[in-house]
Amino acid sequence: MYKRLLKIGLALMLGALFMWLAFRNVRLQEVWEYSKDIQFGWIIPFAISALCSHVVRAERWRLLIEHDKKELDRVTLISGVLVGYLMNIVGPRLGEVSRPVYVAKKEGLSTSKLMGTIVLERIIDVIVMGFLMLVVSVYLISDLNLLRQIFGDQTVNFLTNESSLITYGWVALFVLLMIGCAYIGIKLILYLGTKFETLQVWIDRAKDALILFKDGVLAARKVQRWWLFITLTVLIWFCYTLMTYIPFWMFDMQEVYGLDMLDALVITVISAIGIAIPSPGGIGTYHYFVKQSLLVLFAVPAVTGIAYATITHAGMVIFVASITPLFLFIDKWRATKAGKPIF
């Protein structure tokens, strides 16, 4: 419990730091005055794009677990995805736990195995994001000085400086050391299990859970329709890009600054890095990276950039907080009618 509270506290501090970086040198009064003139009617297509992204993600997740149960309730899967996003706003990575727990209870599946599929999903998302980031950096930005202004001199120097190979070596050595310590610790626990029967019972349970978790991570081997999985992955990122592009019209940025879908893709990829940083719901990190990328790459004033980031982030939070209870109610009502477990 204390460890979880400590993680949430550190995440909040990280979010607060990036929020300060995002809003420094920007007057809040100017942001407020600027936000009064935006066209809020574009919130509707923005919300539709957000909902589509969650539906598509739930459908892609279904491909990873349908070999265990063919008749999966799509409403339950969508509800699980939304619960995950909602919990990520409360604390970083809480959604990765709450989503499989919710769906496992509703569908009678293994929580450990579903958590393995979530890890697999995250690995795939990181690979796709890394590929898109490479494309954006090399072909769309292709200017190291611009990257330095967005991500900071120290980050770019660390990734590009030849001397950083020594750092990579130390990091690799540290990881190997941690793996070695973990291996010794596991062997010690297994040995103590042979001496204490109660401990052996818990070891056996942990082994069963790890086997199911491994099966979940390796669920990619059982996906039969890879063409559909890849198509849904592309659709997820298309929806994310739409969620960046549609608010351009809210602020008339497509006309004033000539921003288009390709520019929206650039902002989407860079903002995804901010969201990946473990702050609650991307608070602060999202605002900073969006403002910096708009300012550095497209000469969008800091006031406009921070207003754009604040409105889009707040819109997403409000949308998830509003739509999740609705889907949970529908899922509970359907479960009651079908005689399924109610979580």
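Select Arg 60 and Asp 125: the two form a salt bridge, with the closest N and O atoms 3.0 Å apart. A salt bridge here is a side-chain nitrogen of Lys or Arg within 4 Å of a carboxyl oxygen of Asp or Glu. Arg 60 lies in helix α3 and Asp 125 in helix α6, so this pair ties together parts that are 65 residues apart in sequence. Both Arg 60 and Asp 125 are buried. Buried means under 20% relative accessible area, exposed over 50%, and partly exposed in between (1.4 Å probe, protein chains only). Helices (H or I, at least four residues) and strands (E, at least two) are DSSP runs, numbered from the N terminus.

Before moving on, note that this is a predicted model: local features need pLDDT of at least 70, side-chain atom pairs count only at pLDDT 80 or more, and totals for chains, interfaces and linings use all residues. Residues are numbered from 1 along each chain as its sequence is written, and side-chain values use heavy atoms, with hydrogens and water left out.

**Stop 1: the charged network**

Glu 121 lies in helix α6 (residues 111-141) and Arg 60 in helix α3 (residues 43-65), so the pair ties together parts 61 residues apart in sequence.

Arg 99 forms a salt bridge with Glu 121, with 3.0 Å between the closest N and O atoms. The pair links distant parts of the chain: Arg 99 is in helix α5 (residues 95-107) and Glu 121 in helix α6, 22 residues apart. Arg 99 is buried at a relative accessible area of 3%. Glu 121 counts as buried because its relative accessibility is 0%. The salt bridge count comes to 13.

**Stop 2: helix α4**

Select residues 74-90. At 1.5 Å a residue, the 17 residues of helix α4 should span 24 Å; the end C-alpha atoms are 25 Å apart, which agrees. The expected span is 1.5 Å times one less than the number of residues. At the start of α4, a side-chain oxygen of Asp 73 reaches to within 2.9 Å of the backbone nitrogen of Val 75. Buried residues of α4 include Val 75, Leu 77, Gly 80 and Asn 88.

**Stop 3: a nonpolar patch**

Show the surface of Phe 174, Val 175, Leu 176, Met 178 and Ile 179. Together these make a nonpolar surface patch of about 510 Å². Such patches join nonpolar side chains (Val, Leu, Ile, Met, Phe, Trp, Tyr) within 5 Å, from residues with over 30% relative accessible area and no salt bridge. Areas come from the Shrake-Rupley method with a 1.4 Å probe. Leu 176 is in helix α9 (residues 164-195) and counts as exposed at 58% relative accessibility.

**Stop 4**

The unreviewed UniProt entry annotates "transmembrane region" over several spans, including 226-250 and 314-330. Such annotations may be inferred rather than shown by experiment. Residues 226-250 are 100% helix and 0% strand, with end C-alpha atoms 37 Å apart. Residues 314-330 are also 100% helix and 0% strand, with end C-alpha atoms 25 Å apart.

Go to Asp 252, in the loop between α11 (226-250) and α12 (253-256). Its phi is near 60°, a positive value in a residue other than glycine. Asp 252 is partly exposed, at 32% relative accessible area.

Finish at Ala 299, in the loop between α14 (285-298) and α15 (302-338). The phi of Ala 299 is positive too, near 55°. Ala 299 is exposed, with a relative accessible area of 57%.

Definitions and conventions: Patches are made of residues with over 30% relative accessible area and no salt bridge: like charges are joined within 9 Å, nonpolar side chains (Val, Leu, Ile, Met, Phe, Trp, Tyr) within 5 Å. A polar contact is a pair of N or O atoms within 3.5 Å; within protein, one must be able to donate a hydrogen and the other to accept it, and residues adjacent in sequence count only if both atoms are side-chain atoms.
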